[in-house]
Amino acid sequence: MQDLVRSYNANAPLIQKFILTTLKKASPKSFNMQLSANLFKTFPSLELIYTSDEGFVQNSPNIYANKEEHYHVGADRAYLVDEMALEQGYYISEPYISTATGHLCITVIYPIENGYLFFDFRLRKLLERFSLIEKNNLFKYMNRSSYAIIGGGLLFFGLFVVLYGFYTFAGYLFAEEPLNIDAVFNPIIALTLGLAVYDLGKTIFEQEVLPRTQHISETFNAKTLMNFSVSIIIALLIEALLVVFKISIHNYKDLPYASTLIAALAFLLFVFAVFIYLVRKSEKEPCKKCAEETVL
């Protein structure tokens, strides 16, 4: 989405001139269904049209190319309008996520008799119209399908590992042999790894498969990587503790191997701590810049 916004901002004068020139030719002084039908033919990127009164309260249904939705009638659309900019005879909003369609769009507000006309244009189709981005629907479908398969597989195996942890613990409980340290630690390791794999699969589904309706942000989201790393580190720490217990009970000759594992985990924890510090630092820097700009 950030790429779409950047491309639009770089070419906004060209796109806005095209939209306004074409609208003026259509002469939308008053609204009627014939006008909407002609505009949907002229603008493949046009998603919906509606009207408002002079107070920017919607007084018509959302009109799409092939349907109407009435439940938005009465909605206050003043938040979309800059009244000072509207004095020039039109206003074009900044890109935003449409609540009606879930797509990134811009809204063109045009004065008519006793109110205003609102036109929602889908940003991606506008950019494709001017060949500013390439149409790659097949690649997008293949890419999303691949992520769906991989993410679904991770979800399945994450749940499978979790169920396996419960199954092994239940087997220990009903076994004739007495409980030992493995009976406690092995299910915990399985549950921890299962949680990490499941969380990774869930994140892939949310970010790459499901529709993206989140706000546009350039901030790097490290939450998933941090959660996954924490789960893996905990599982490895439990495994190292289990190895130390086994060595203390059975054979001290293998103690160097346990020491090597613990030293490697200590180094991993150090690297992870540095990573968290850098992420937190990068999150604070944009806040400082915003504060400085506000003061200026």
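**Strand pairing, cores and a helix crossing**

Leu 46 has Phe 121 of β7 as its bridge partner. This is a predicted model, where local features need pLDDT of at least 70 and side-chain atom pairs count only at pLDDT 80 or more, while totals for chains, interfaces and linings use all residues. Numbering starts from 1 along each chain as its sequence is written, and side-chain values use heavy atoms, with hydrogens and water left out.

**Strands**
- β1 (residues 46-52) and β7 (residues 115-122) run antiparallel, joined by six bridges; strands here are DSSP E runs of at least two residues, helices H or I runs of at least four, and pairing takes at least two DSSP bridges.
- Seven of the seven β1 residues are buried, meaning under 20% relative accessible area with a 1.4 Å probe, protein chains only.

**Cores**
- The largest nonpolar core holds 28 residues, with Phe 119 and Phe 121 making the most contacts inside it; such a core is a set of buried Ala, Val, Leu, Ile, Met, Phe, Trp, Tyr and Cys residues joined through side-chain atoms within 4.5 Å.
- Elements supplying at least two residues each to this core include α3 (33-42), β6 (104-112) and α5 (123-129).
- Beyond four places in sequence, Phe 121 touches, among others, Ile 19, Phe 43, Leu 46, Val 108 and Leu 126, with contact meaning heavy atoms within 4.5 Å.

**Helices**
- The axes of α1 and α2, lines fitted to C-alpha atoms over the stretch in contact, come within 5 Å and cross at roughly 75 degrees.
- That makes α1 roughly perpendicular to α2, a label covering 65 to 115 degrees.
- Tyr 8, Asn 9 and Ala 10 of α1 meet Ala 12, Ile 15 and Gln 16 of α2.

Terms used: Buried < 20%, exposed > 50% of the residue type's maximum accessible area, 1.4 Å probe, protein only. Axes fitted to C-alpha atoms, helices over the stretch in contact; angles between N-to-C directions. Parallel < 35°, antiparallel > 145°, perpendicular 65-115°, else oblique.
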